[in-house]
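Biologist: Please show me the model. I will then ask about its helices, its core and its charged pairs.

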Amino acid sequence: PVAFADAIRPLCESVKRISYIDVAEEALMALGRISRTAPSSVLRAGGLSAVLANLAFFPTRVQQMAMETAATLVSKVQLKGAPTVIESLPKLSELLERHVDTKVRSLAVKTFASATKVLAHDQAYVHAILHPGPGSPIVSRLLRIFSESIPHLQGTAGESRDGGAGAPA
């Protein structure tokens, strides 16, 4: 892991400041490989924000790989890395709501679940997880996403709040 230390920051910068898309893709793949063996080094170097940056510029398969890396990083984070995770939550929330690829959305859910597991011990972090950015709380967003993706739940996500029957007849 120490051997990777000098390489991680330049890889992160290559992804954040895309000069050549193929170089940025290779840098993303390298960060993914390094994150499996040295996740804390990648997190400290800004790897989480790097893999989530500029996703729209990459092909879907590369976006999926970047999200797998993000999920790996967050699942391995320790409490001292919490601010890095908190800073990524608005981007993850955006991916949950707007990304068209179901695998990317699924990995965003997995990443949120990992963040919750790691950060649930601190009230301030719990609030940041539940309210990751502008708009509705994440729980409402997840319910809406799930109800949209599962046909027999469509229309039921908000009914229980309005006093309607929450289950189909």
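**Helices, core and charged pairs**

Modeller: In H5, the buried residues are Val-62, Gln-63, Gln-64, Met-65, Ala-66, Met-67, Thr-69, Ala-70, Ala-71, Leu-73 and Val-74. Buried means under 20% relative accessible area, exposed over 50% and partly exposed in between, with a 1.4 Å probe and protein chains only. Helices are DSSP runs of H or I with at least four residues, numbered from the N terminus. This is a predicted model, in which local features need pLDDT of at least 70 and side-chain atom pairs count only at pLDDT 80 or more, while totals for chains, interfaces and linings use all residues. Residues are numbered from 1 along each chain as its sequence is written, and side-chain values use heavy atoms, with hydrogens and water left out.

Biologist: Which helices do the buried residues of H5 pack against?

Modeller: Packing here rests on contact, meaning heavy atoms within 4.5 Å. The buried residues of H5 pack against helix H2 (21-37), helix H3 (39-44), helix H4 (47-52), helix H6 (82-98) and helix H7 (102-119).

Biologist: What span from first C-alpha to last does H5 reach?

Modeller: H5 covers residues 60-76, which is 17 residues. The expected span of a helix is 1.5 Å times one less than its number of residues. For H5 the expected value is 24 Å, and the span in the model is close to it, at 24 Å.

Biologist: Which residues have the most contacts inside the largest nonpolar core?

Modeller: A nonpolar core is a set of buried Ala, Val, Leu, Ile, Met, Phe, Trp, Tyr and Cys residues joined through side-chain atoms within 4.5 Å. The largest one has 43 residues, and those with the most contacts inside it are Leu-48 and Met-67.

Biologist: Which element gives the most to this core?

Modeller: In soluble globular proteins, nonpolar side chains tend to be buried together. Here the elements giving two or more residues to the core are helix H1 (5-16), H2, H3, H4, H5, H6 and H7. The one that gives the most, with eight residues, is H5.

Biologist: Which residues does Leu-48 contact, leaving aside neighbours within four places in sequence?

Modeller: With those neighbours set aside, the contacts of Leu-48 include Ala-70, Leu-73 and Val-74. The complete set for Leu-48 is Leu-43, Ala-70, Leu-73, Val-74, Thr-84, Val-85 and Ser-88.

Biologist: How far apart are the closest N and O atoms of Glu-25 and Arg-61?

Modeller: A salt bridge is a side-chain nitrogen of Lys or Arg within 4 Å of a carboxyl oxygen of Asp or Glu. Glu-25 and Arg-61 form one, and the pair links distant parts of the chain, with Glu-25 in helix H2 and Arg-61 in helix H5, 36 residues apart. Glu-25 is buried because its relative accessibility is 13%, whereas Arg-61, at 53%, counts as exposed. The closest N and O atoms of Glu-25 and Arg-61 are apart by 3.4 Å.

Biologist: What is the N to O distance between Glu-68 and Lys-103?

Modeller: Glu-68 is partly exposed at 34% relative accessible area, and Lys-103 is partly exposed at 37%. The side chains of Glu-68 and Lys-103 meet in a salt bridge, with an N to O distance of 2.8 Å.

Biologist: Why are Glu-94 and Lys-91 separated by about one helical turn?

Modeller: The side chains of Glu-94 and Lys-91 meet in a salt bridge at 3.9 Å, N to O. Glu-94 and Lys-91 are about one helical turn apart because they are separated by three residues in helix H6.

Biologist: Which residue caps the N-terminal end of H7?

Modeller: H7 has 18 residues and reaches 25 Å from its first C-alpha to its last, close to the 26 Å expected. At the N-terminal end of H7, a side-chain oxygen lies 3.2 Å from the backbone nitrogen of Lys-103. The capping residue that supplies this oxygen is Asp-101.

Biologist: Is Ala-120 buried, partly exposed or exposed?

Modeller: Ala-120 lies in the loop between H7 and helix H8 (123-130). Leaving aside neighbours within four places in sequence, Ala-120 is in contact with Ala-115 and Val-126. Because its relative accessibility is 42%, Ala-120 counts as partly exposed.

Biologist: What phi does Asn-54 have?

Modeller: Most residues other than glycine have a negative phi. Asn-54 is in the loop between H4 and H5. Although Asn-54 is not a glycine, its phi is positive, at about 55 degrees.

How values were computed: A polar contact is a pair of N or O atoms within 3.5 Å; within protein, one must be able to donate a hydrogen and the other to accept it, and residues adjacent in sequence count only if both atoms are side-chain atoms.
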